[in-house]
Amino acid sequence: MSTFSTPPSDLSSREQVRGAPGQHDADRPRVDMSRLRQAKPKDYVIRFAFGGLVSVVAALIGHWTTPEFGGIFTAFPAILLASLTLIGKREGDEPSAEDAEGGALGAIALTATAAVITLTLTRVAGAVSLAGALGVWLILSLLLYLLAVKVGWLHTSRRGERSPSDE
Amino acid sequence: MQLVSYAARFFAGGALVCVFALISAVCTPKRFAGIFSAAPSVLVASLAITLVAQNSAKAVSTAEGAIAGAVGLIAYCLVSTPAIRRFKSLAGSGLAVIAWSAVAVGMFIVLDKVIPR
């Protein structure tokens, strides 16, 4: 987990980071709808194509080999690869690296989601299983993020966080 | 019929990826937004189509494989973070695919022995 942040070298500096004015505010999850205005349609066309392509390729591999082996590719990082590259191009490498750090938490929750689906799909209706698993992913991701911030695995640097007016 | 199923997978997968990308775009800080880059968009879209076009047994098998792929995705993120800082976004995130492949296939082999068929 050491890749989540650059750890302060001693306890006092760690406390300084945790206690830095406004640090909790910087790490607090927020929703800013005004960022939608910056959305570039071309980026979403690329993401749509990547998502669609990975879905089809995973199904084809499952058809040619086994459904289990094809299933691996439903978690292929093509979308992450596209996102990180687009963020790197538009905002810089540091925001891209920070996006990947958050992605690790989402991926941990994704593992749990796949396990929940495996365990529930034959026991309850398919729609209930998938909706429940999405709920598990969302709640677990949020809890992991809050935990990671609380124990110091994640700290948002002010230089890494851009406001819409910066761009 | 099979062509329709693949077309449905393409549109469902692409649409869900865009939905989560839009959620990620409005979220801040960047590390929090990053969570949505690893959302189960392709997994859920694929399983929904498999349930409609095939059966739940095939969907369960696909989900079992997805566990291995998701563990590989954790490795991908852990490797890509320092790799991006060292080699830039495109090269760093591209190189990390090697980590995903190794861990996902390794985990698949382990799970294949552990999960009873």
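Helices (H or I, at least four residues) and strands (E, at least two) are taken as DSSP runs and numbered from the N terminus. On this basis chain B holds 5 helices and 1 strand, in the order α-β-α-α-α-α from the N terminus on. Along the principal axes, the C-alpha atoms of chain B fill a box of roughly 45 × 35 × 25 Å.

The model is a predicted one, in which local features need pLDDT of at least 70 and side-chain atom pairs count only at pLDDT 80 or more, while totals for chains, interfaces and linings use all residues; side-chain values use heavy atoms, with hydrogens and water left out. Residues are numbered from 1 along each chain as its sequence is written, with chains lettered from A and ligands numbered from 1 in the order in which they are written.

The pLDDT, the predictor's confidence in each residue from 0 to 100, averages 80 in chain A, where 78% of the residues score at least 70. The pLDDT is below 50 over residues 1-19 of chain A, a stretch with 31 contacts in the model beyond near neighbours in sequence; a contact means heavy atoms within 4.5 Å. Residues 158-167 of chain A also have a pLDDT below 50, with 23 contacts beyond near neighbours in sequence.

At the interface, 83 residues of chain A are in contact with 72 residues of chain B. Buried area is the accessible area (1.4 Å probe) that two parts lose on being put together, summed over both. For chain B and chain A this area is about 6,900 Å², 74% of it on carbon and sulfur atoms. On the side of chain B, the residues losing the most area to chain A are B:Val26, B:Lys30 and B:Arg31, which together account for 12% of what that side buries. B:Arg31 also forms a salt bridge with A:Glu98, the closest N and O atoms lying 3.8 Å apart. Across the interface 6 salt bridges are found, each defined by a side-chain nitrogen of Lys or Arg within 4 Å of a carboxyl oxygen of Asp or Glu.
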